[in-house]
Amino acid sequence: MKLTTAQALVRWLLAQRSETLDGREVPLFPGVFAIFGHGNVLGLGTALEERREELPLWRGQTEQGMALAAVGYAKATHRRQVGVVTSSIGPGALNMVTAAGVAHANRLPVLLLPGDTFTSRAPDPVLQQVEHFGDPTATVNDAFRAVSRYFDRITRPEQLLSTLPQVARVLTDPADAGPVTLALPQDVQVETYDFPDSLFEPVTHRPLRPRPDRRALTEAAGALRSARKPLLVLGGGVRYSGAGGRALAFAERHGIPVTETTAGRTLVPHGHPLHAGPLGVTGSASANVLAAEADVVLAVGTRLQDFTTASWTVFSPDVRLVTLNAARFDAVKHGALAVVGDAEAGLADLAAQLESWQIDPLWTERAAAERGRWDAHIDSLRAASGEVPTYAQVVGAVNDLSEPHDYVMTASGGMPGELIGGWRGSGSVGMDVEYGFSCMGYELAGAWGAAMAHTGGLVTTMLGDGSYLMLNSELFSAAFAGHPFVAVVCDNDGYAVIARLQEGQGGKPFNNFLADCRSAHTSPPRVDFAKHAESLGCAVFTASSLDDVRTAYAEAREAAVAGQRPAVVVVRTQPSSWTEAGAWWEVGVPEHLSGREGFERGKSGQVRYVKP
């Protein structure tokens, strides 16, 4: 059929289906986020308008915000659905690069369709074109290459025939998942071609479950049988595989204590006797104590990021590391015994090899005992007296009032440590802490996407005043479109968690708290977050005490659902009270600062490569 390049692309998007982890068939591409400009309005824009009843289109306020919303959507659907984002050329395209980095770091699929300059070069230099003196083929869209799993620039309509299967592969493959960028020159978007009908036949993409190599499984089983104190670490790959139940059954069958990474958080019910708590810098002292004693660690579906491993000081130097991961790239890190395969299939195969093997129940009992001590610590933080609430107290109030199938989010500042370390989940997958890229502003834009996808419960996003000021425009997008969620904004007058890092290592207070920033005013202006959020169409509630937080959050939940729009709770919080897991994190410390001694001590305990 004779179609423009843009029409063919939209028709192909509509033909792609996805099978969810519970067996339902849904659109692989449930909708498109778009801001139109001269680089996409008459090509892709016209093609989208023609199919507007079949492919919903959402208009955001910033290209970065829209792309972050698409990332949040992918996370909330366990990577089974993919948001599409299109922009004009130039600044509109470059605004999406940060969001592409978020998706790349977190292994989340998103399809980015930036407009591009004319392949004919007839009107060069076109509006918004950046000219490269030595390379006329280069455009700003080449910036996406560093943050895309797959990048292509479509310079002929027929190139879609070879590139679209690769687009689908990357977006649906558990080992390769990440952002795809198709740069679309605006003259090529409107060029026609006789596309084969078969390109638009419906295709259903089902979860891939590659099984591990049998020899690798045998080696892994042997390593576990030799263990006296094994530890099971569950990452985001367990979530995306839908293997949470399988992992817990595996732990129960063999008596292995379980801990979670940031991306794997809330996979295990908090009160489960084998739950040791979350691991690492933003995790729990309970999990870190067990990790330091573990002789064999089975890490499933995790890339073992530095916050999870406390910059590789959380494990014993004598640990044996066994990794089960769909991506060989992640499985082989740090000399681990690599088992490459799907988490669900791999754990089933490994359990068959281990049969009735059990470990010493005294080690099993340590998990509950250590987590009990951590729970008591969190209880004390939540119960602390003071006129101004702490982050821990705000998290506790939200936790207590949340329902089992709700969804809680954060991304940056001090809130990740509070949510990861202090949240008590029911075992449903209900948390998104974007701590792969830790992108300020994801909290609100990502919540818009998550609210579209997570319809079984209410989405609550928690953030600081710095993140709110960084990117808040998608509050209006969500209010306008009718997607409800609750945003809890904790105002502590600046970048408090970076000030903690700065001052905790012996640096002087500088450029983090607003009071330590350069200003021409003796009494600088303050932001009225409540009035600002109200002006963007949100229901707004304020709180100044812990009791106020509870009341305001309960009212915000009702208002969000009833009004089909975001509800914002603004609360003043303590700037210097934090939940600490007692783990080390490597940052560069100058020799003249007091933190250098701790830096040297931490480096001395760093495991650079595990023993075979």
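In the predicted model, the axes of helix H16 (residues 391-401) and helix H23 (residues 546-563) approach within 10 Å and cross at roughly 40 degrees. Helices (H or I, at least four residues) and strands (E, at least two) are DSSP runs numbered from the N terminus; axes are lines fitted to C-alpha atoms, for helices over the stretch in contact, with angles running from 0 to 180 degrees between N-to-C directions. H16 and H23 are therefore oblique to each other, where angles under 35 degrees count as roughly parallel, over 145 as roughly antiparallel, 65 to 115 as roughly perpendicular and the rest as oblique. The crossing of H16 past H23 is right-handed; a crossing is left-handed if the near helix is turned anticlockwise from the far one by less than a right angle, and right-handed if clockwise. On the H16 side the contact (heavy atoms within 4.5 Å) comprises Gln-393, Val-394, Ala-397, Val-398 and Leu-401, which meet Leu-546, Val-549, Arg-550, Tyr-553, Ala-554 and Arg-557 of H23. By class, this contact contains 8 nonpolar, 1 polar and 2 charged residues, with Ala, Val, Leu, Ile, Met, Phe, Trp, Tyr, Cys and Pro counted as nonpolar, Asp, Glu, Lys and Arg as charged, and the others, Gly among them, as polar.

Residues are numbered from 1 along each chain as its sequence is written. Because the model is predicted, local features need pLDDT of at least 70 and side-chain atom pairs count only at pLDDT 80 or more, whereas totals for chains, interfaces and linings use all residues; side-chain values use heavy atoms, with hydrogens and water left out.

A further helix pair is formed by H18 and helix H20 (residues 474-481), whose axes come within 9 Å and cross at roughly 20 degrees. That angle makes H18 roughly parallel to H20, and H18 passes H20 in a left-handed crossing. Leu-444, Ala-445 and Trp-448 of H18 make the contact with Glu-474, Leu-475, Ser-477, Ala-478 and Ala-481 of H20. The class composition of the contact is 6 nonpolar, 1 polar and 1 charged.

On a 1 Å grid over the protein atoms alone, a cavity is a set of points where a 1.4 Å probe fits but cannot get out, and a pocket is an open set with protein on both sides within 12 Å along at least five of seven lines; lining residues have an atom within 4 Å of a point. Grid points are joined across faces, edges and corners, and a volume is the space filled by probe spheres set on the points.

The largest pocket holds about 950 Å³ of space. Its lining consists of 43 residues, with Phe-307, Val-497, Arg-500, Leu-501 and Trp-585 nearest the centre. At least two lining residues each come from helix H12 (306-309), helix H17 (415-422), helix H19 (465-470), helix H21 (496-504) and helix H24 (596-604), and H21 provides the largest share, 6 residues. The lining divides into 19 nonpolar, 19 polar and 5 charged residues.

For the second largest pocket the volume is about 620 Å³. Asp-22, Arg-24, Ala-76, Thr-77 and His-78 are the closest to its centre among the 30 residues that line this pocket. Helix H3 (63-76), helix H9 (236-241), helix H10 (244-254) and helix H18 (442-453) each contribute at least two lining residues. The lining comprises 12 nonpolar, 13 polar and 5 charged residues.

The whole structure contains 4 cavities of 30 Å³ or more.

Most residues other than glycine have a negative phi, and most peptide bonds are trans. Asp-124 and Pro-125 are joined by a cis peptide bond with omega about -10 degrees, and Pro-125 lies in the loop between strand S7 (110-116) and strand S8 (150-153). Arg-107, a residue other than glycine, has a positive phi near 60 degrees and is placed in the loop between helix H5 (97-105) and S7.
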